[in-house]
Amino acid sequence: MSRVKASKRFVQTTDRANRMSIEWKRRGNEIDGHYSDFSERAPLRPQGATEKEGKMYRKVIISYDTKSHFSILFQMYGSVWRYVWPYCLLNMAITYLVDTLRDNYDIDLTIEDSGHMYVSTLVSFLLVTRVKIAYDRFMSSRKCVDDCLRCARSLIQFMNVFSMRDHSKRAKDWRNEVAYRVIILIRVTFAALEFKESGVPAFESSMLRRKTKIRLREMLLLDDTVKGPSGMAYQKSKTHFLSHKLSSIADENSRAPKVTAYWLRMVIAQQKNFLESELPFQKESVLLDYVSNFLTAYSDLEKYFTTPFPFPFVQMGRTLLFVWMFTLPFAITNGIAKSAASMAIMFLLTYGFVGLEYVSMELDDPFGNDANDIDAVFLMSQTTQAIYFLIGDSNGEKYRQNLERSLDHSDEMTNF
């Protein structure tokens, strides 16, 4: 390629990237009205999405300025204040009642605080340990999401590089089909992750076209005896057994990304039928390795959303917390004479201990529509836009538009 042609292509690629960046920012500011800041972003709700799924697309990313003490103290969105303040008021009322009965009616309900001092150490240990484990699981989930999306982007990039000298129509069709299958894999994966929150299994997600749903259901252990939330029939099959029990909808939901990855591998392996000069085994293995790495990251995610926090730990910690917290007013008023002071201390202690419990509850499920959940839908949309750009760069604008239409408006692309 001459220097002039290379320079011209670089300018065209840069212009296309700028246009896509502007368009994506415009979309980010047009969800449910007009957001004042791009940090409050969410992808547009797709046509045909159910009401539960629609909530996933209306999520507003929590943002805050760590340098502004005022906004940190009084911001309600994403805070646990709305959950904690009833407990704070209840404990203040108990404290006031104990003080009033002791001072005005000579009814002393106070107890020694030595026992509470020992229990407070145990409660603090259990509570902090639970928060730390929940936070570690949350951050590990976020890393796995990044790993999945990184593998998807890298697969498309290496595919373009390995086949960059082949400009035939069949080669472009193959690259488009691989990109299509990668995006379907991403959509199925995140639909499976958000099944617990949305209640819609991955094989019935509105992000998939009807033919894709039908083919996916055919690969799973499902039959057509029961109607699902959107009217599509599915039910656990009575003819297929997994070890000692029947496969459930949740089981098949978690299997859906693995089936979709199998489709992607099949398309990659067919490169010899579409490229003028087939890729050597080493290069094909690089592409297949990214699919394997994607599934490895998904398996780690699956481990987190199918394995809840150990129930005995949660039960024991919460039992001790509430018993200790709601008997604390009887102990704290024993050593503090002024009612206002004891009520203020009870408010802060309740906010601190109960608030930490609610923080751990927020972190337990990193996928969903809560303010502090991972915004998987936006991350997925970002990666999809990057894939569109890469296909436009390798195949041309016409193929990029065909790829977008195949995912958003028509049933399928090609019949590989």
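Q: Which residues line the second largest cavity?
A: The second largest cavity is lined by Val 123, Leu 126, Leu 127, Arg 130, Phe 313, Val 314, Gly 317, Arg 318, Leu 321 and Glu 357, where a cavity is a set of points on a 1 Å grid over the protein atoms alone where a 1.4 Å probe fits but cannot get out, and lining residues have an atom within 4 Å of a point. This is a predicted model, in which local features need pLDDT of at least 70 and side-chain atom pairs pLDDT 80 or more, while totals for chains, interfaces and linings use all residues. Residues are numbered from 1 along each chain as its sequence is written, and side-chain values use heavy atoms, without hydrogens and water.

Q: Which elements give two or more residues to that lining?
A: Those are helix 5 (114-162) and helix 11 (311-332), helices being DSSP runs of H or I with at least four residues, numbered from the N terminus. The largest share, five residues, comes from helix 11.

Q: Switching topic, how many disulfides are there?
A: The search of the whole structure finds zero, a disulfide being a pair of cysteine sulfur atoms within 2.5 Å.

Technical notes: On a 1 Å grid over the protein atoms alone, a cavity is a set of points where a 1.4 Å probe fits but cannot get out, and a pocket is an open set with protein on both sides within 12 Å along at least five of seven lines; lining residues have an atom within 4 Å of a point.
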